[in-house]
Amino acid sequence: MAITSFNPPVRTLMGPGPSDVHPRVTGAMARPTIGHLDPAFVGMMDEVKTMLQYAFQTKNQLTIPVSAPGSAGMETTFQNLLERGDKAIVCQNGVFGGRMKEVVERCGATAIMVEDDWGKPVDPDKLEEALKANPDAKVVAFVHAETSTGVQSDARLLCEIARRFDCLTIVDAVTSLGGTPIRVDEWKIDAIYSGTQKCLSCTPGLSPVSFSDRAVDVIKARTHPVQSWFLDLNLVMGYWGSGQAKRAYHHTAPINSLYALHEALVLLQEEGLENAWARHEMNHRALRAGLEAMGLSFLVAEDYRLPQLNAVNIPEGVDEAAVRNKLLSDYSLEIGAGLGTLAGKVWRIGLMGHTSDMKNVMYCLGALEAVLMEMNAPIETGAITAAQQAVA
């Protein structure tokens with residue numbers, strides 16, 4: 001059988017990522033490819049850096065997109081800041097804190113774990129106790145917005161504690177950048193990474209990162225080479241610019257994906273960062289009202305619940321996979337399953353970036369209500385009316 005062009009189905013993506021890509025962003029990807037050292041492309045790279053600084057709320061010169069997904073951004077931060085024999089305190093309250101631990105150990109460093117229940121934020125007191133017990137720790141790492149649970153930790157406070165003990169901080173902001181407040185300079189974050197496929201309304205495949213001057217000094221003073229040639233920022237800085245006029249070839253950048261990121265950041269700039277944060281919060285309030293009207297509950301307490309990633313407890317007796325499959329087949333609507341210890345216990349409903357729209361909220365609530373009623377789940381009706389009233 002001959003293989004022909006692939007035409008994907010049209011979906012509404014309301015899972016943990018990717019989110020729906022804005023049409024202007026997909027349009028940008030179709031623009032003519034030029035060379036990655038072309039002066040016009042280099043000029044666009046500088047604009048991407050400037051707009052990423054705005055998104056991160058930082059003046060850090062080393063603010064760039066890594067040419068690979070968010071997991072590569074994570075590896076970039078750890079591999080450049082840690083050397084063999086170093087000690088890192090890793091806070092884990094979900095899946096992605098566990099990934100941090102794996103990367104620390106692959107760097108030849110020791111991971112000291114600070115563990116909290118899934119669905120709870122990182123406990124600042126536990127972090128302080130770990131720092132007192134490990135005065136030689138070099139790094140504190142934590143997830144700002146834990147995608148596996150929908151919980152947000154207090155990044156400002158955790159960074160403040162780490163700084164008191166002269167530790168560098170590494171922050172996972174994959175799900176938070178563009179969706180909830182991040183203030184890199186104000187909170188004195190040393191290294192932070194994110195992804196383009198969530199609240200930035202962009203295609204997957206790039207990872208924005210930012211490093212403080214203090215972190216850059218550590219990278220430049222390394223006694224051993226970074227174990228990854230591709231992610232070695234001492235080399236990458238030469239391509240993305242570190243003061244010199246001429247860019248040094250490092251790798252062939254994903255040119256059209258960078259067009260997409262540029263357009264996504266223009267959209268963020270046009271909307272305004274604070275307005276984007278407010279939009280995510282407003283749509284979350286509507287979704288919450290509708291879900292609660294059905295009798296559904298959230299895993300995470302309201303005080304530290306992410307507006308853009310909602311972990312919803314599955315009603316007793318409901319086949320969660322069957323619900324997700326029916327939403328996908330009948331409504332072309334994707335929501336996410338639970339991960340790790342939460343597998344089979346929660347759905348993860350995303351309201352990220354271009355997906356975070358009131359029409360999508362109402363569509364999701366209507367579809368979920370219809371499917372659950374068809375399955376004779378123990379729910380109440382009136383979700384859409386409750387959602388509308390919540391934002392009236």
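Predicted model: local features only at pLDDT ≥ 70, side-chain atom pairs only at ≥ 80, totals over all residues.
Residues count from 1 along each chain as its sequence is written. Local features need pLDDT of at least 70 and side-chain atom pairs 80 or more, while totals for chains, interfaces and linings use all residues, and side-chain values use heavy atoms, leaving out hydrogens and water.

**Exercise 1.** Work out whether strand S2 is enclosed or open, and which strand it joins.

*Solution.* Start with the definition: strands are DSSP E runs of at least two residues, numbered from the N terminus. Next, recall that side chains in a regular strand alternate between the two faces of the sheet. On one side of S2 sit Leu-62, Ile-64 and Val-66, on the other Thr-63 and Pro-65, and all are buried (under 20% relative accessible area, 1.4 Å probe, protein chains only). Five of the five residues in 62–66 are buried, so S2 is largely enclosed by the rest of the structure.

**Exercise 2.** Classify the aromatic pair of Tyr-239 and Trp-240.

*Solution.* First, the rule: rings of Phe, Tyr and Trp (its six-membered ring) pair with centres within 6.5 Å; planes under 30 degrees apart are stacked, over 60 edge-to-face, the rest tilted. The structure holds three such pairs. Tyr-239 and Trp-240 show 6.2 Å centre to centre and 70 degrees between planes, making the pair edge-to-face. Both Tyr-239 and Trp-240 are buried.

**Exercise 3.** Find what lies over the face of Phe-298.

*Solution.* Apply the test: NZ of Lys or CZ of Arg within 6 Å of the ring centre and within 35 degrees of the ring normal. Arg-305 is your residue, at 4.1 Å from the ring centre.

Conventions:
Buried < 20%, exposed > 50% of the residue type's maximum accessible area, 1.4 Å probe, protein only. Helix = DSSP H or I, 4+ residues; strand = E, 2+ residues; numbered from the N terminus. Pairing = 2+ DSSP bridges.
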